[in-house]
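Student: I am new to this structure. Could you walk me through how to read it, feature by feature?

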Amino acid sequence: MTERQSIYDAIGGIDKIDELVDRFYDLMALEPKFSDLRAMHGQDLTNSREKLKFFLTGWMGGPDIYSPKYGHPMLRARHLPFKIGLNERNQWLACMYQALEDCGITGSTAKQLEESFFNTADWMRN
């Protein structure tokens with residue numbers, strides 16, 4: 001019997017997550033179409049980048065490096081202070097989908113991630 005490969009391993013581990021998150025935040029900072037999303041963040045994105053990298057590592061099936069440093073993710077509770085409507089959800093998703101493509105994450109793995117990202121982002125709306 002073979003074990004199912006995690007998305008973390010399928011995309012290439014921590015190096016690919018680092019690339020994905022860096023591309024996501026670079027796009028958010030550079031592309032005017034993501035300006036509303038960028039405005040929700042502080043000027044310095046260092047902490048945001050680290051938190052997303054740590055979170056996605058465990059969320060995709062890699063080691064849990066988020067919880068030991070930041071506690072339980074509590075995604076919805078941590079995002080409640082921010083207005084997240086359809087526009088913000090859609091900008092986040094478009095930015096992440098573009099980052100996936102730019103980082104060469106394609107095919108069934110990309111489709112699985114896109115579906116999971118959509119479900120999570122939609123759940124975050126408030």
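**Reading the features together**

Tutor: Let's begin with charged pairs: the structure holds 10 salt bridges, a salt bridge being a side-chain nitrogen of Lys or Arg within 4 Å of a carboxyl oxygen of Asp or Glu. This is a predicted model, where local features need pLDDT of at least 70 and side-chain atom pairs count only at pLDDT 80 or more, while totals for chains, interfaces and linings use all residues. Residues are numbered from 1 along each chain as its sequence is written, and side-chain values use heavy atoms, with hydrogens and water left out.

Student: Which residue forms a salt bridge with Asp-22?

Tutor: Side chains of opposite charge can pair when their charged atoms come close. Here Asp-22 pairs with Arg-49, and their closest N and O atoms are 3.1 Å apart. This links distant parts of the chain, since Asp-22 is in helix α2 and Arg-49 in helix α4, 27 residues apart. Helices are DSSP runs (H or I, at least four residues), as are strands (E, at least two), numbered from the N terminus.

Arg-49 also forms a salt bridge with Asp-26, with the closest N and O atoms 2.8 Å apart. Arg-49 lies in helix α4 and Asp-26 in helix α2, so this pair ties together parts that are 23 residues apart in sequence.

Student: Is Asp-26 buried, partly exposed or exposed?

Tutor: Buried means under 20% relative accessible area, exposed over 50%, and partly exposed in between (1.4 Å probe, protein chains only). Asp-26 has 29% relative accessibility, so Asp-26 counts as partly exposed. Asp-22, with a relative accessible area of 26%, is partly exposed too.

Student: Which residues touch the most other members of the largest nonpolar core?

Tutor: In soluble globular proteins, nonpolar side chains tend to be buried together. A nonpolar core is a set of buried Ala, Val, Leu, Ile, Met, Phe, Trp, Tyr and Cys residues joined through side-chain atoms within 4.5 Å. The largest one has 30 residues, and Leu-20, Phe-24, Leu-56, Met-60, Ile-105, Leu-113 and Phe-117 touch the most other members. Its largest share, 7 residues, comes from α2.

Student: How many disulfides does the structure hold?

Tutor: A disulfide is a covalent bond between the sulfur atoms of two cysteines. The cut-off used is a pair of cysteine sulfur atoms within 2.5 Å. The structure holds 0 disulfides. The sulfur of Cys-95 has its closest cysteine sulfur in Cys-103, 11 Å away, which is too far for a bond. Cys-95 is buried, at 0% relative accessibility, and Cys-103 is buried at 6%.

Student: How should I read the aromatic pairs?

Tutor: Rings of Phe, Tyr and Trp (its six-membered ring) pair if their centres lie within 6.5 Å; planes under 30 degrees apart count as stacked, over 60 as edge-to-face and the rest as tilted. There are 8 aromatic pairs in the structure. The rings of Phe-24 and Tyr-25 have centres 5.0 Å apart and planes at 85°, so the pair is edge-to-face. Both of these residues, Phe-24 and Tyr-25, are buried. Phe-55 and Tyr-66 also form an edge-to-face pair, at 6.1 Å centre to centre with 85° between the planes.

Student: Which residues form the one aromatic cluster?

Tutor: Phe-24, Tyr-25, Phe-54, Phe-55, Trp-59, Tyr-66, Tyr-70, Trp-92 and Phe-117 form that cluster.
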